[in-house]
Amino acid sequence: MSREVAGWVAEAARLTRPDRIVWCDGSNAEFQRLERQMLAARELIALNPASHPGCFLYRSDPADVARVEHLTYVCTHNRDDAGPNNHWMAPAQAHRQMDDLFRDCMRGRTLYVVPYCMGPIDSPYSRCGVEITDSAYVVLNMHLMTRTGRAALARINRDGAFVKGLHSTGDMNPERRFIMHFPEEASIKSFGSGYGGNALLGKKCHALRIASWQARSEGWLAEHMLIVGIENPQGETHYIACAFPSACGKTNLSMLIPPASYPGWKVWTIGDDIAWLHPGKDGRLYAINPESGYFGVVPGTNAKTNRNAYETIRRDTIFTNVALTADQQPWWEGLTEGKPLLDWQGRAYDPANGPAAHPNSRFTVAAAQNPSYSCAADAPGGVPISAIVFGGRRRTLAPLVYQARDWPHGVLLGAGVASETTAAATGAVGVVRRDPMAMKPFAGYNFADYWNHWIRVGEGLAAPPKVFHVNWFRQSSTGSFLWPGFGENLRVLRWIIDRCKGAAQARETPIGYLPAATDLDTAGLQISQAAVEELLRVDPVLWRTEFTAIGAYFDEFRERLPAALRGELTQALRRVAAA
Ligand code: GTP
Ligand code: SPV
Ligand code: MN
């Protein structure tokens with residue numbers, strides 16, 4: 001047992017005063033014991049064992065249903081290190097404020113110690129942490145989402161380092177809710193929420209905010225990306241990493257089912273939310289998925305849109321904030337069978353109260369249950385990445401797909417990403433905002449330094465991935481999606497892979513390389529020629545406005561903005577002006 005872990009647990013217990021301390025061993029017996037305990041306390045509801053064996057419903061506090069970006073802080077000694085992209089507080093003040101909240105908060109409760117490993121247990125790229133929490137729900141989720149227990153603790157002893165995460169649900173008062181990060185000391189303090197990214201500290205807090213800070217000093221990247229392998233009928237597999245903002249299609253793309261017109265194609269999931277990317281000795285970029293489970297968006301999941309997810313969540317799944325049918329089956333908007341009896345808050349379903357399932361209702365499930373789970377997902381060295389794909393949810397402007405001219409131009413593509421906000425975070429939905437590299441809520445340091453790091457990582461790669469941007473969400477003037485999306489997105493990935501191999505045509509435009517309508521495989525698709533043309537249209541006038549807006553956004557970063565990125569933007573503006 002690590003003396004450092006034990007010392008820190010004792011210190012946390014002195015502050016929080018729990019009735020008992022439980023060291024989690026990560027075993028099935030422990031998982032089942034906690035499940036039984038939560039069932040008895042009516043904190044979990046057993047779902048229909050015939051249709052959904054091993055599945056449970058959890059209803060969160062109705063005011064605790066999403067990430068809280070306005071209450072999430074990066075606490076560095078120098079304010080500029082956190083940057084204008086983060087809320088900031090001085091570390092001493094943040095510790096004082098958080099410790100006042102944590103003082104005595106676990107009286108009458110159990111303190112669980114959850115050692116976890118982010119990444120395959122024997123990968124040199126993996127990193128460990130320990131989460132202290134007073135929520136059994138969090139422990140169950142950590143079991144599914146990370147490699148917890150004895151093996152993780154053994155690795156912590158070997159590594160001699162771990163991220164310290166202290167969490168309490170507190171009294172659920174949104175006024176007393178904060179998610180604080182201390183990247184300089186690799187620690188996290190989270191109080192007042194039991195929800196997903198606020199409370200499962202291995203995920204966004206560790207694997208993105210703290211890890212991105214560590215990655216900068218160690219020469220790698222921690223990113224909000226899915227990782228997927230695409231195997232063609234010849235048996236050749238290309239791995240792609242895609243950064244889309246929250247609730248913008250990562251889970252769906254990572255387990256896509258090839259359309260009927262793609263016989264012999266296979267899709268293999270490595271990860272659906274987070275990628276740690278390391279330069280390899282051969283000059284390529286290699287990715288591991290630090291997680292071992294999915295905390296995925298439920299609404300919209302059905303046998304047509306995402307059959308793999310749909311099948312994955314038929315057993316041994318925790319559903320959070322979905323509706324219930326009369327026969328205890330989970331129900332959500334987008335499901336084609338069944339109907340809701342009780343809504344996500346347990347009230348008799350009434351459409352006047354809004355959707356039956358919360359728009360940010362989620363499933364938690366072990367990744368290994370996914371029919372498309374890749375046998376390379378546990379490879380200690382990761383998988384080589386052929387392409388990096390940025391994306392966003394844009395009704396207008398951004399075409400279906402385009403390719404950056406080179407890596408530095410690709411960094412501009414990523415830094416310029418904007419997307420409509422979704423229910424994954426509290427606040428307004430559908431508002432376009434800048435979300436560079438889909439990391440606006442997750443970069444643990446100043447974006448200017450982050451973009452500089454991106455440029456430097458690319459410079460160090462002999463064979464950097466090719467960089468692309470996609471948008472599945474372009475709408476017609478009547479508000480319907482122009483592109484069918486989901487499985488059909490493979491047609492776009494095919495063009496991307498062919499571009500990586502030098503086997504596909506493209507036309508040069510002021511924003512980068514685009515397929516001509518004939519370069520994209522639309523055979524067998526119910527899509528009009530006009531829609532395809534609209535999806536591939538680049539309007540120089542609109543793009544001039546967009547680049548000007550990106551320039552104004554970059555100005556917020558003042559002299560820290562990398563000159564190379566400013567140079568890329570200047571050239572981009574020159575190209576649209578000349579078009
Ligand atoms: P986080 O877990 O929040 O990081 O989200 P994610 O990026 O994994 O998003 P996810 O794949 O769960 O998709 C979120 C929503 O977008 C769901 O309601 C999907 O049905 C919808 N969606 C995903 N892919 C597509 C697509 O290709 N086209 C359209 N129109 N909708 C999509
Ligand atoms: C996201 O919001 O990007 C998620 C869900 O993946 S959460 O774990 O709540 O951050
Ligand atoms: Mn996410």
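Which side-chain atom of Arg67 lies 2.8 Å from an oxygen atom of ligand 2, a polar or a nonpolar one? A polar one, and that contact is where I'd like to start, everyone.

A quick word on the model. This is a predicted model, where local features need pLDDT of at least 70, side-chain atom pairs count only at pLDDT 80 or more, and totals for chains, interfaces and linings use all residues. Residues are numbered from 1 along each chain as its sequence is written, chains are lettered from A and ligands numbered from 1 in the order in which they are written, and side-chain values use heavy atoms, with hydrogens and water left out.

Back to ligand 2. In His224, a side-chain N or O atom sits 3.3 Å from an oxygen of ligand 2. A polar contact here is a pair of N or O atoms within 3.5 Å; within protein, one must be able to donate a hydrogen and the other to accept it, and residues adjacent in sequence count only if both atoms are side-chain atoms. On its own, ligand 2 exposes 290 Å², and the protein buries 98% of that; these areas are Shrake-Rupley values with a 1.4 Å probe, and for residues only the protein chains shown count as cover. The residues around ligand 2, meaning those with a heavy atom within 4 Å, include Lys204, His224 and Asp273.

Those three names come back at the manganese ion, ligand 3: Lys204 (NZ), His224 (NE2) and Asp273 (OD) coordinate the ion at 2.2 Å. Donors are N, O and S atoms within 2.8 Å of the metal (3.2 Å for Na, K and Ca), and water is not among the atoms, so sites may look incomplete. Along the chain, the donor spacing reads K-x19-H-x48-D. His224 lies in the loop between β12 (221-223) and β13 (226-231), and Asp273 in the loop between β15 (266-271) and β16 (275-279), so the pair ties together parts 49 residues apart in sequence. Strands here are DSSP runs (E, at least two residues), helices are H or I runs of at least four, and both are numbered from the N terminus.

Buried means under 20% relative accessible area, exposed over 50%, and partly exposed in between (1.4 Å probe, protein chains only).

Finally, the backbone. Met437, not a glycine, has a positive phi of about 50°, and Met437 is buried at 0%.
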